[in-house]
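Let's take a quick tour of how some parts of this protein chain touch each other. Have the structure open while you read.

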Amino acid sequence: MSEIKEDGASFVGYEYKEIPAGGERASLYLDGYQNFGWVLDERAGEEALRRGKGKLTLKRDRKIINKMELTRLQRNFDSCVAELKALERAKRTQGMIAALTVGILGTALIAGSTFAAVSTPPNLWLMILLAVPGFLGWILPYFLYRAMVRRKTVQIEPLIEQAYDEINDICQKGSRLLP
């Protein structure tokens with residue numbers, strides 16, 4: 001909870017924060033929160049890494065100057081990071097929906113083709129008529145997904161850069177408030 005300095009007279013009380021920041025966002029969180037007075041708690045951080053939790057444990061001085069303003073900036077930072085996550089998801093969502101729809105439609109056509117083939121008497125012309133677009137419905141989703149993600153990435157990339165610029169501005173403001 002606290003740390004006693006080497007001279008034995010100084011007492012520093014800390015407040016702690018645990019954030020779920022596994023994967024590619026861990027560096028962003030560490031760099032950002034550092035500008036609001038937070039530092040990585042090595043003892044708790046090593047324990048979390050050993051357990052594979054993907055959580056960062058941070059600490060900062062309870063008596064930090066400009067705590068209210070730093071907390072407000074930290075909330076803005078958190079909302080910008082959440083916006084980044086949403087934008088990253090948005091790049092893939094529309095393509096995934098389209099690919100799944102085409103794949104399911106292809107599967108339905110293959111099922112119709114199968115029923116046409118096993119019917120009595122077999123209806124070969126209907127089987128072929130349904131099988132060709134059915135197989136295309138299984139092949140096209142991959143290419144459809146990639147094309148839609150590429151197109152959406154071009155649209156969303158400026159918004160992602162804008163969010164990173166906003167995060168940079170927030171972190172600069174927080175850094176200027178620290179002693």
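Buried means under 20% relative accessible area, exposed means over 50%, and partly exposed is in between (1.4 Å probe, protein chains only). This is a predicted model, where local features need pLDDT of at least 70, side-chain atom pairs count only at pLDDT 80 or more, and totals for chains, interfaces and linings use all residues. Residues are numbered from 1 along each chain as its sequence is written, and side-chain values use heavy atoms, leaving out hydrogens and water.

**Salt bridges**

- A salt bridge here is a side-chain nitrogen of Lys or Arg within 4 Å of a carboxyl oxygen of Asp or Glu, and the count comes to 5.
- Arg-60 pairs up with Glu-15 at 2.9 Å, N to O.
- Arg-60 sits in strand 4 (residues 55-61) and Glu-15 in strand 2 (residues 11-20), so this pair ties together parts 45 residues apart in sequence.
- Arg-60 is buried at 3% relative accessible area, and Glu-15 is buried too, at 15%.

**Pairs within helix 3**

- Helices (H or I, at least four residues) and strands (E, at least two) are DSSP runs, numbered from the N terminus.
- Arg-72 and Glu-69 form a salt bridge at 2.5 Å, N to O, and they lie 3 residues apart in helix 3, about one turn.
- Arg-72 is partly exposed at 38% relative accessibility, and Glu-69 is partly exposed at 32%.
- Lys-91 bridges to Glu-88, with the closest N and O atoms 3.2 Å apart.
- Lys-91 is buried at 13% relative accessibility, whereas Glu-88 is partly exposed at 23%.
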